[in-house]
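Open the model in your viewer and keep the selection panel at hand. The tour goes from the whole chain to single side chains.

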Amino acid sequence: MNTDKIYAEALASEYAPKDASKITALKKLDRKAKLPAEIFTYTFGIVAALIMGLGMCLSMQVIGEGIGMMILGIFLGIVGLIGMGINYPIYKKKLEAGKKKYAFEIIELANQISDEA
C-alpha cells in the first residue's frame, strides 16, 4: 500500500478548486429548514428543566419554607416534567414544518446536483 500516494492525492484534492457552490447552497437550505426547530427545542427544554429544578428545590424546602412553598414546588415540578415531556413532539412538528417549507427548493437543487454528476 503506497501511503505516500494516498497522502499526496488527499492533499491535492484539498487544495484543488472545487465548484461546490450548489452543495454549499444545499447545506445552507438544509440548515435553514432545521435550525428554528433546534433552537426552540433547546430553549424550551432548558426552561422546562429549570422550572422542574425550581419545583424540586421548593418541594424539598431547599429554598422556601412552609407547606405553601412545598405545594408550589410540587406544582412547578409537574409543570417542568410536562414541559420536558412535550418537548420532543413539538420538535418533530416544527422540524416537519421547516422541511415542508423548504422541500421544493432542496429537492430541485439536489436534482440539479445529481444530474450534473
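The stops below start with the overall fold and then move to selected residues.

**Whole chain**

Show the chain as a cartoon; keep in mind that this is a predicted model. Read from the N terminus, the order is α-α-α. The radius of gyration is 25 Å, well over the 13 Å that the globule rule gives for 117 residues, so the chain is more spread out than a compact globule. Along the principal axes, the C-alpha atoms fill a box of roughly 75 × 40 × 20 Å.

Of the 117 residues, 17% count as buried. For contacts with a separation of 6 or more, 71% join residues 24 or more positions apart.

**The nonpolar core**

Select L29, A33, Y102, L109 and I113. These five residues make up the largest nonpolar core. Which elements give two or more residues to this core? Helix 2 and helix 3 do. Helix 3 gives the most, with three residues. In soluble globular proteins, nonpolar side chains tend to be buried together.

Stay on A33 and show what surrounds this residue. Leaving out residues up to four places away in sequence, A33 touches G98, K99 and Y102. Y102 is also a member of the core.

Move to N87, in helix 3. Is N87 buried or exposed? N87 has a relative accessible area of 10%, under the 20% cut-off, so this residue is buried. Beyond its neighbours within four places in sequence, N87 is in contact with T41, F44 and G45.

Next, pick T43, in helix 2. T43 is partly exposed, with a relative accessible area of 47%. Draw a distance from the C-alpha of T43 to that of N87. The two residues are 44 apart in sequence, and the distance reads 9.9 Å.

**Two salt bridges**

How many salt bridges does the structure hold? There are two. Side chains of opposite charge can pair when their charged atoms come close.

Select D30 and K34 for one of them. Their side chains meet at 3.4 Å, N to O. Both residues lie in helix 2, four residues apart, which is about one turn of the helix. D30 is partly exposed at 34% relative accessible area. K34 also counts as partly exposed, at 25%.

Then select R31 and E38. Here the side chains meet in a salt bridge at 2.6 Å, N to O. R31 has a relative accessibility of 39% and counts as partly exposed.

**The nonpolar surface patch**

For the last stop, color L54, M56, M60, V62 and I63 on the surface. Together they form a nonpolar patch with about 470 Å² of accessible area. Center on M60. Where does M60 sit? Its place is in the loop between helix 2 (21–59) and helix 3 (67–116). The relative accessibility of M60 is 57%, over the 50% cut-off, so M60 counts as exposed.

Note on methods
Residues numbered from 1 in each chain as written. Predicted model: local features only at pLDDT ≥ 70, side-chain atom pairs only at ≥ 80, totals over all residues. Heavy atoms only, no water. Patch = residues over 30% accessible without salt bridge, like charges linked within 9 Å, V, L, I, M, F, W, Y side chains within 5 Å. Areas by Shrake-Rupley, 256 points an atom, 1.4 Å probe, with all protein chains shown as cover. Salt bridge = Lys/Arg side-chain N within 4 Å of Asp/Glu carboxyl O. Buried < 20%, exposed > 50% of the residue type's maximum accessible area, 1.4 Å probe, protein only. Core = buried A, V, L, I, M, F, W, Y, C linked by side-chain atoms within 4.5 Å. Contact = heavy atoms within 4.5 Å. Rg over C-alpha atoms; globule rule 2.2 N^0.38 Å.
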